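Reader: I am new to this one and would like to get to know it step by step. Could we look at it together?

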Amino acid sequence: MGHYVLRRVLQMIPVFLGATLLIFLMVYSLPGDPIAAMFGDKAADPATVANLRHQYYLDQPLWKQYLHYMNNIFHLDFGTSFTGRPVSEIMADAFPVTIRLALVAFFFEIVIGLPLGLIAGLKRGSVADTAVLLLTLIVISIPVFVLGYIAQTVFAINLGWVTATVQDSRDISQLILPGLVLASLSLAYVARLTRTSIGENLRADYMRTAVAKGLPRRTVIGRHLLRNSLIPVVTFLGTDLGALMGGAIVTEGIFNIAGVGNVLYKAINQKEGPTVVGIVTVLVLVYLVASLVVDLLYAVLDPRIRYA
């Protein structure tokens with residue numbers, strides 16, 4: 001196992017370098033001068049502009065800018081935004097908010113998506129199965145921003161159960177509604193994926209053997225069926241945790257949550273290259289770590305899987 005983990009960590013290095021290079025090139029090769037954008041319609045002193053370009057290393061070729069940025073990253077320095085605030089401070093304020101929101105959404109995926117998929121998979125062709133398929137199809141068909149506004153109008157404005165916007169992101173109860181909206185699409189996919197996986201494993205030889213042995217139904221489902229059926233679901237859930245953090249832009253905008261999505265949206269509009277690249281770099285690391293954890297969980301779910 002140790003050799004496998006070391007090999008996977010080494011494989012993550014070129015992936016990380018390649019992903020950050022693409023991100024850096026896409027952000028810093030965009031048309032327009034971010035330094036000139038700082039002054040808006042006001043005329044800027046050429047000497048001041050030149051000084052700022054030198055300060056942010058923008059007077060160097062793009063490849064030198066990337067090497068300079070990566071050197072700073074390895075020293076845990078994400079640079080300074082064009083407003084003069086360190087990017088690490090901006091992320092320190094935004095990431096805890098989005099992590100809480102993503103964990104709430106992740107919780108809903110597990111406690112709602114998995115049981116729905118299990119019920120539909122065990123009762124294929126029944127009314128319950130049809131209801132789950134219909135419900136998930138509706139959720140998948142509705143865009144997140146539409147679903148968010150519907151939830152906000154119904155539960156906040158009409159029923160008054162929650163506030164229309166999040167007043168305190170440290171209060172988990174205020175993150176329940178936006179967390180459910182954020183999880184809606186992934187929740188539907190988890191339910192459908194679980195249903196399909198359970199349906200396939202129900203017809204497997206080991207299931208017929210377990211039933212023929214006279215094992216209790218709870219043991220057959222819990223120990224044999226569910227553990228093997230969860231492998232593709234765990235793969236989806238592991239990568240989706242990073243997707244929830246990166247895809248929270250719409251949800252955070254609707255519910256006025258000052259998280260990574262909100263900060264990233266503003267940074268893109270204001271051409272805040274250091275902030276955009278810094279946030280996306282951390283999200284890449286989240287994806288890579290989540291992928292490694294998922295691979296290690298395979299051996300827990302299926303004892304037949306061993307790593308050399």
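**A guided look at the model**

Author: Gladly! This is a predicted model, and we can begin with Ser 229, which is buried, with a relative accessible area of 2%.

Reader: In which helix is the place of Ser 229?

Author: Ser 229 has a relative accessible area of 2%, so it counts as buried, the cut-off being under 20%. Setting aside neighbours within four places in sequence, Ser 229 is in contact with Ser 197, Ile 198 and Asn 201. Its own place, spanning residues 217-246, is helix 10.

Reader: Thanks! Arg 195 and Asp 129 meet in a salt bridge, so how many residues apart are they?

Author: The side chains of Arg 195 and Asp 129 meet at 2.6 Å, N to O. The pair links distant parts of the chain, with Arg 195 in helix 8 (residues 176-202) and Asp 129 in helix 6 (residues 127-141). Arg 195 is buried at 13% relative accessible area, and Asp 129 is buried at 3%.

Reader: Which residues are linked with Arg 85 in a network of salt bridges?

Author: Side chains of opposite charge can pair when their charged atoms come close. Arg 85 meets Glu 89 in a salt bridge at 3.7 Å, N to O, and Arg 85 also forms one with Asp 93, where the closest N and O atoms are 2.2 Å apart. Linked with Arg 85 in the network are Glu 89 and Asp 93.

Reader: Where in helix 5 does a kink lie?

Author: Helix 5 has 36 residues and reaches 49 Å from its first C-alpha to its last, close to the 52 Å expected. Even so, helix 5 has a kink of about 30°, shortly before the proline Pro 96. The kink lies at Ala 94.

Reader: What is the phi of Leu 76, and where does this residue lie?

Author: Most residues other than glycine have a negative phi. Leu 76 is an example with a positive value, and it counts as exposed at 71% relative accessibility. Leu 76 lies in the loop between helix 4 (62-73) and helix 5 (87-122), and its phi is near 60°.

Reader: And in which loop is Asn 256 found?

Author: Asn 256 is not a glycine, yet it has a positive phi of about 55°. At 48% relative accessibility it counts as partly exposed. Asn 256 is found in the loop between helix 11 (249-254) and helix 12 (260-269).

Reader: Which helix gives the largest share of the nonpolar patch?

Author: The patch on the surface has about 890 Å² of accessible area together, and its residues include Phe 145, Tyr 149, Trp 161 and Val 250. Val 146 has its place in helix 7. The largest share, 6 residues, comes from helix 7.

Methods. Residues are numbered from 1 along each chain as its sequence is written. This is a predicted model: local features need pLDDT of at least 70, side-chain atom pairs count only at pLDDT 80 or more; totals for chains, interfaces and linings use all residues. Side-chain values use heavy atoms; hydrogens and water are left out. Helices (H or I, at least four residues) and strands (E, at least two) are DSSP runs, numbered from the N terminus. Buried means under 20% relative accessible area, exposed over 50%, partly exposed in between (1.4 Å probe, protein chains only). Contact means heavy atoms within 4.5 Å. Patches are made of residues with over 30% relative accessible area and no salt bridge: like charges are joined within 9 Å, nonpolar side chains (Val, Leu, Ile, Met, Phe, Trp, Tyr) within 5 Å. Accessible areas come from the Shrake-Rupley method with a 1.4 Å probe; for residues, only the protein chains shown count as cover. A salt bridge is a side-chain nitrogen of Lys or Arg within 4 Å of a carboxyl oxygen of Asp or Glu. The expected span of a helix is 1.5 Å times one less than its number of residues. The bend at a residue is the angle between axes fitted to the seven residues ending there and the seven starting there.
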